[in-house]
Amino acid sequence: MRRFLITTLLLAFAFPAHALPRYPADPEAFGEQWHLQRIEAYEAWSRTTGSSEVVVAVLDTGVDMNHPDIAANLWRNPGEVPDGRDNDSNVYVDDINGWDFIDGDNDPSPNSIEPGARSEAVHHGTVVAGMIGAVGNNGIGGAGVNWNVRIMPLRVLDSQGRGDTDTVRAAIKYAVAKGADIINLSFVGPGFDPGFFLTLRETFQAGVLVVAAVGNESNSGTDLDQNPMYPVCYSGGTGEDVVLGVAALDRNDRKPVFSNYGANCVDLSAPGVDLYSTQFHEPSRGYPALFGRGWTGSSMAAPIVSGVAALIKAQNPVYSAVEIREILLNTADPLDLINPGFNSKLGKGRVNARRAVELAASGGIPMFGPSLGIPYVLNAPYSAAVPTVKISRPSGMMARSFSAYAPTFKGGVRVSAGDINGDGRSDIVTGAGLGGGPQVRIFSVDGRVIGGFFAYDTRFRGGVSVAVGDVNGDGVSEIVTAPGPGGGPHIRIFDGQGRPQGGFFAYGQEARSGLSVAVADIDGDGRAEIITAPGPANGSTVKIFDNRGRLKGNFNAFPSSFVGGVNVGAGDVDGDGTVEIIVAPRSKEIPEVRIYSASGSWQRAFLAYTETFRGGVNLSVGDTDRDNIAEIITGAGPGGGPHVAVFDGFGRVKNQFFPLDKTFKGGVSVGIIRL
């Protein structure tokens, strides 16, 4: 059992007000709550101000349930009535609005008369609750990030701000059982508690997002990579991040001196200096103010993020922890340039409510305007199914889908993506699979056809593979095609209008079992090279060409006895600044993914699927988490379930999902797009 302390400092200075594009009819929302402007909450509120269906559990020192700016937003247990009985059979009698896990009763309000009580601690839970969900537009005080939400108060810290893991674990289990969508933990403590970690992992797997403060050290903050604190630093053995860690920022988006930091534990940052919120109100015991300013610390930053998470959930109620987390991270405003010395140690950036809600409203994809660079996985049946292309987050959450070809065509789809018209946004490029004509089609992200052409003779029925990249250095991507089985080894290059730009034969004319093709800038000259690999029974020689068909390198990816054909991809998968070439068998061999340097030097290998599977491994390579290191995306070939997996460059699973019915055995094609 480990112990915790709250993570708040109280300062006594103010910042000037700024004009805001929209604000509620609450007197202090304009002048005192500078953080709302910084996170663009006013713009977010043009889409949603929250929902009474969204429940945020506040595990803290207790919440003033009679506070006039909180009471209307309190959660009420639908299974309980105040009759002295445990109506919902959860062992907590008359838990109408929550539970006090410190005193063991049904009043989760702060205990201001507890021996040793500190005013900062007594206020703490009420301040946190108000940051998340002080009632908006009611004419008093300020507004929470949500005007409308349900706050579930669970008292787990005493009136000195102290607590322990056993108490918090019990409260987390209560919150999950009672339907909380988000749990806020504004406290930290030393030492890893295995039981607490398991509870948090179960919570995340149940679809509940846990947001935690990173903690404060008054002198300079602590690097949590060197000295981890908990619960913010809990993660699984495979890197599964079960807690969203939040650091504090000042009004200029700089890390204040006190806030802890660290690349391994901090996921996001938020305002955390001189904030205004609700306070515990009990004049007879020396707590006369309903509201107060000067609240500072990562304790205050965490509930801002919890509040934005609740807005996302209100905008798109089907989202669970994974989707909410990814939207928060992928819509954050970058911080590294204005925080030299803390690169990657303040998470993905400062939370942005407007961008997060807009992305949630679009189903997870920025449909219009400039690209945000958010990665999505493309997947489609490799064969034997209606030719539907799906756009999913790396977690597997599907955001869009569309039909690439006529629904009667069941030969499968090959997928790739890139900016082929120079407008700054990626387009989706598909190639028809076996049995279809060599038709390449180009789609906008919303599934509208914006172009297409036949890469080879229209009578050819072997299908066509596609890759996209800037092979001539003009700043606009080209489409590179390779024929499927039965076609000669003819690589062709097209512009976005389908106009031929060149071509060459990658192997001898006798090699007619189809090719795999990828593009990547191997030598860093601003022009992508074309990488090819042969089909079954034609060896395993990977070749690298420039756009004029001049050979720049080659190597054998598998032993001479190998007959399965090779799929190929390329990208910097280990963060060393150079591109690696990734290969996997197309069929008949164990599903081993191999990683080579561009010169053909073997680096390492791993199994993408069980060793007995022989259906092949389809490949794509790209950065799925915006850390500037590419991941390897695999799709099981025919004969296996439609299993998509995302690996890091060392074979560790980062995500996996099934985009089609698990009984489907036609294989799955994969690609990556940044939107």
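1. Let's start with a definition: two strands pair if DSSP finds at least two bridges between them. Strands here are DSSP runs of E with at least two residues, helices are runs of H or I with at least four residues, and both are numbered from the N terminus. Keep these in mind for the hairpins below.

2. A word on what you are looking at: this is a predicted model, in which local features need pLDDT of at least 70 and side-chain atom pairs count only at pLDDT 80 or more, while totals for chains, interfaces and linings use all residues. Residues are numbered from 1 along each chain as its sequence is written, and side-chain values use heavy atoms, with hydrogens and water left out.

3. Strand β14 (residues 375-381) and β15 run antiparallel and are joined by three bridges. Find Asn379 and you can trace its bridge partner in β15, Lys390. Six residues lie between the two strands of this hairpin, and Ala384 takes a positive phi near 60°.

4. Strand β15 has another partner. With strand β16 (residues 398-403) it pairs over five bridges, again in the antiparallel sense. Val389 has Phe402 in β16 as its bridge partner. This hairpin has five residues between its strands, and Gly396 in the turn has a positive phi of about 105°.

5. Is β15 mostly buried or exposed? Four of the five residues of this strand (residues 388-392) are buried, so it is largely enclosed by the rest of the structure. Buried means under 20% relative accessible area, exposed means over 50%, and partly exposed is in between (1.4 Å probe, protein chains only).

6. Next, look for charged pairs. A salt bridge is a side-chain nitrogen of Lys or Arg within 4 Å of a carboxyl oxygen of Asp or Glu, and a search of the whole structure finds 29 of them. One joins the side chains of Lys345 and Asp223 at 3.2 Å, N to O. This pair links distant parts of the chain, 122 residues apart: Lys345 is in the loop between α8 (321-330) and α9 (353-361), and Asp223 is in the loop between β9 (209-213) and β10 (244-249). Lys345 counts as buried at 18% relative accessibility, and Asp223 is buried at 15%.

7. Another salt bridge brings together the side chains of Asp253 and Arg350 (3.0 Å, N to O). Asp253 sits in the loop between β10 and β11 (268-271) and Arg350 in the loop between α8 and α9, so the pair ties together parts that are 97 residues apart in sequence. Asp253 is buried, with a relative accessible area of 7%, and Arg350 is buried too, with 5%.

8. Asp333 and Arg355 also meet through their side chains in a salt bridge, at 2.7 Å, N to O. Both Asp333 and Arg355 are buried. Which residues make up the network of salt bridges? They are Arg38, Asp253, Asp333, Arg350 and Arg355.

9. Finally, a pair of helices. The axes of α4 (residues 119-133) and α7 (residues 298-315) come within 8 Å and cross at roughly 35°. Axes are lines fitted to C-alpha atoms, for helices over the stretch in contact, and angles run from 0 to 180 degrees between N-to-C directions. Residues of α4, including Val127 and Met131, meet residues of α7, including Met300 and Ile304; contact means heavy atoms within 4.5 Å.
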